[in-house]
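Open the model in your viewer and keep the selection tool at hand. The tour goes stop by stop: select, look, move on.

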Amino acid sequence: MGLKGKKIFVHVFGCRSSLCEGEFIAGSLKSRGAEIVEDISENFNAAVIVTCSVTHEADKKCRQLIKRVRKILGSEGILAVCGCWSQNIDKNIALELGINILAGSKGKNILPDKVEYMINNGKGFEDLRTQNIFMPSDWEELKLTQPVMHSRAFVKIQDGCKHFCTYCIIPFLRGRPVSRPINNIINEIKRLIDNGCKEIIFTGIHLGIYGKDIDTSLAELIKTVSHIKSLKRLRLGSLEPFCLDENLMNALSDCEAFCHHLHLPLQSGDDEILSAMRRGYKAEDFVKVCDNARGKISDDIHISSDILVGFPGESDLAFNNTLKIMRASKFGRVHVFPYSERKGTLAATMPNKISHETKIFRTSEAIKLGHELYNNYAEKFTHKEVEILIEKNNKGYTRNYIEALCEGNENEIVKAEVICYGNNGLECLRRD
């Protein structure tokens with residue numbers, strides 16, 4: 001029967017992998033005739049929420065939105081929920097919240113089918129979750145033809161994680177690492193380009209270990225992708241620093257489409273805290289990785305990062321070491337998060353918890369430094385020529401992933417001169 005005339009609200013919480021999954025769901029529903037709604041103030045017949053569980057705050061936001069959407073939908077509307085938060089909730093809680101379709105880390109590939117069926121045949125309840133998330137599994141195909149909610153295309157190439165940082169719940173929710181076959185990825189990239197997509201972003205839960213289960217590597221994938229002459233821009237999602245080895249740096253350096261931006265999560269700049277987090281590197285190693293990236297790929301490469309403050313046992317000295325390494329790494333954009341205890345992780349059992357007040361103060365200080373570092377990096381491009389992919393309302397991003405304001409049409413790549421750096425990012429004058 002299809003979904004012609006139906007409006008479906010789609011909202012995504014969380015990481016770029018979640019964004020990719022949300023794009024697949026939205027695209028699949030749109031191909032069946034549905035109108036995708038992103039503004040909760042509009043009327044809609046059904047809703048799909050892609051959830052996140054990286055922190056307690058993320059859990060809270062998911063529950064709040066689910067309750068709000070259920071109220072808007074009334075008793076007849078279909079509510080589907082998937083993702084990390086929904087992987088771990090009790091079935092009875094899902095029923096209490098009025099959820100009709102429950103998928104976790106798996107099952108998103110058939111979720112649009114279930115939404116269509118319930119809209120046309122009456123609502124019920126279906127639990128699509130994989131109960132044993134650690135069982136070996138094949139790649140779950142989520143084909144993307146054209147982005148619906150973004151100008152850029154998030155292409156998921158890897159899922160799952162086996163690193164088990166002591167603070168992180170995600171490996172328990174996403175399961176074992178699994179990689180997408182290279183030919184499958186190449187076909188999707190070509191399909192997206194044929195449909196007008198200018199920028200591809202590779203995403204994954206542990207992106208750097210891509211290929212280890214299928215006898216290849218991220219470096220080999222980059223080498224293969226570099227032969228697609230029609231690909232204008234390529235980015236990588238978050239990459240663990242110990243995965244940025246010489247082979248990968250060489251592949252990125254040789255790939256003309258690669259945009260000079262890497263997101264390398266530091267988390268802490270103190271060796272004792274890094275060891276307690278089970279991050280797999282020391283602070284000095286991290287700085288060397290950043291220096292090597294600038295030497296091998298480009299001296300103007302934008303290195304952004306994540307900082308986690310208030311981890312159990314983090315002293316004033318340890319926190320100050322983090323600020324020191326942030327400066328030494330010459331970061332641009334920095335995302336700062338206060339430590340959030342997750343039941344089931346090793347860190348949740350650790351002593352020497354940090355007070356809420358201390359975490360708030362340290363978060364503020366790290367954010368302040370992050371703004372300073374980003375401003376310092378962005379200002380270097382004043383009076384230089386940049387290339388901008390316009391997304392909406394004359395706003396977009398340079399190849400170095402700096403926000404920019406310039407005249408242009410949506411999904412158009414323009415060349416421009418940077419006039420100054422201000423509150424809206426780089427303010428530019430179009431030159432092409």
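## Stop one: H12 and H13

H12 and H13 are roughly parallel to each other, because their axes cross at roughly 10° and angles under 35 degrees count as roughly parallel. This is a predicted model, so treat each stop as a look at a prediction.

Select residues 316-328 for helix H12.

Now show side chains. On H12, pick Asp316, Phe319, Leu323, Met326 and Arg327. On H13, pick Arg362, Glu365, Ala366, Leu369, Gly370, Glu372 and Leu373. These residues make the contact. Colour them by class: 6 are nonpolar, 1 is polar and 5 are charged.

Is Ser340 buried or exposed? Ser340 is buried, with a relative accessible area of 15%. Now look for its partners. Leaving out residues up to four places away in sequence, Ser340 touches Thr55 and His56. Zoom in on His56: the side chain of Ser340 reaches its backbone nitrogen at 2.9 Å.

Next, select Asn352, which lies in the loop between E14 and H13. Asn352 counts as exposed, at 57% relative accessibility. Check the backbone here. Asn352 is not a glycine, yet its phi is positive, at about 60°.

## Stop three: Phe164

Jump to Phe164. Where is Phe164 found? It is in the loop between strand E8 (158-159) and helix H6 (170-174). Phe164 has a positive phi of about 55°, although it is not a glycine. Phe164 is partly exposed, with a relative accessible area of 24%.

Go back along the chain to Arg152. Arg152 sits in the loop between strand E6 (126-127) and strand E7 (153-156). At 9% relative accessibility, Arg152 counts as buried.

Show what surrounds this side chain. Leaving aside neighbours within four places in sequence, Arg152 is in contact with Pro147, Cys197, Glu199, Ile201, Arg235, Leu389, Glu391, Tyr397 and Tyr401. Then select Leu389. Leu389 and Arg152 are 237 residues apart along the chain. Their C-alpha atoms are separated by 9.0 Å.

Now step to Phe154, in strand E7. Phe154 counts as buried, at 3% relative accessibility. Display its contacts: Arg16, Leu19, Cys20, Leu144, Ile201 and Thr203, not counting residues up to four places away in sequence. Ile201 is on this list, and Ile201 is also in contact with Arg152. Phe154 and Ser17 are 137 residues apart in sequence. In space they are 7.5 Å apart, C-alpha to C-alpha.

## Stop five: H7 and H8

Select residues 182-194 for helix H7 and residues 218-225 for helix H8. Their axes come within 11 Å and cross at roughly 40°. H7 and H8 are therefore oblique to each other. H7 passes H8 in a right-handed crossing.

Which residues make the contact? From H7, show Ile182, Ile185, Ile186 and Ile189. From H8, show Leu221, Thr224 and Val225. By class, this contact has 6 nonpolar residues, 1 polar residue and no charged residues.

## Stop six: H9 and H11

One more helix pair. Select residues 246-254 for helix H9 and residues 283-296 for helix H11. The axes come within 10 Å and cross at roughly 35°. The crossing of H9 and H11 is right-handed.

Show Glu246, Met249, Asn250 and Ser253 in H9. They meet Asn292, Ala293 and Lys296 in H11. The residues of this contact divide into 2 nonpolar, 3 polar and 2 charged.

Key: Residues numbered from 1 in each chain as written. Predicted model: local features only at pLDDT ≥ 70, side-chain atom pairs only at ≥ 80, totals over all residues. Heavy atoms only, no water. Axes fitted to C-alpha atoms, helices over the stretch in contact; angles between N-to-C directions. Helix = DSSP H or I, 4+ residues; strand = E, 2+ residues; numbered from the N terminus. Parallel < 35°, antiparallel > 145°, perpendicular 65-115°, else oblique. Left-handed = near helix turned anticlockwise from the far one by under 90°. Contact = heavy atoms within 4.5 Å. Nonpolar A, V, L, I, M, F, W, Y, C, P; charged D, E, K, R; others polar. Buried < 20%, exposed > 50% of the residue type's maximum accessible area, 1.4 Å probe, protein only. Polar contact = N/O pair within 3.5 Å; in protein donor to acceptor, adjacent residues only side chain to side chain.
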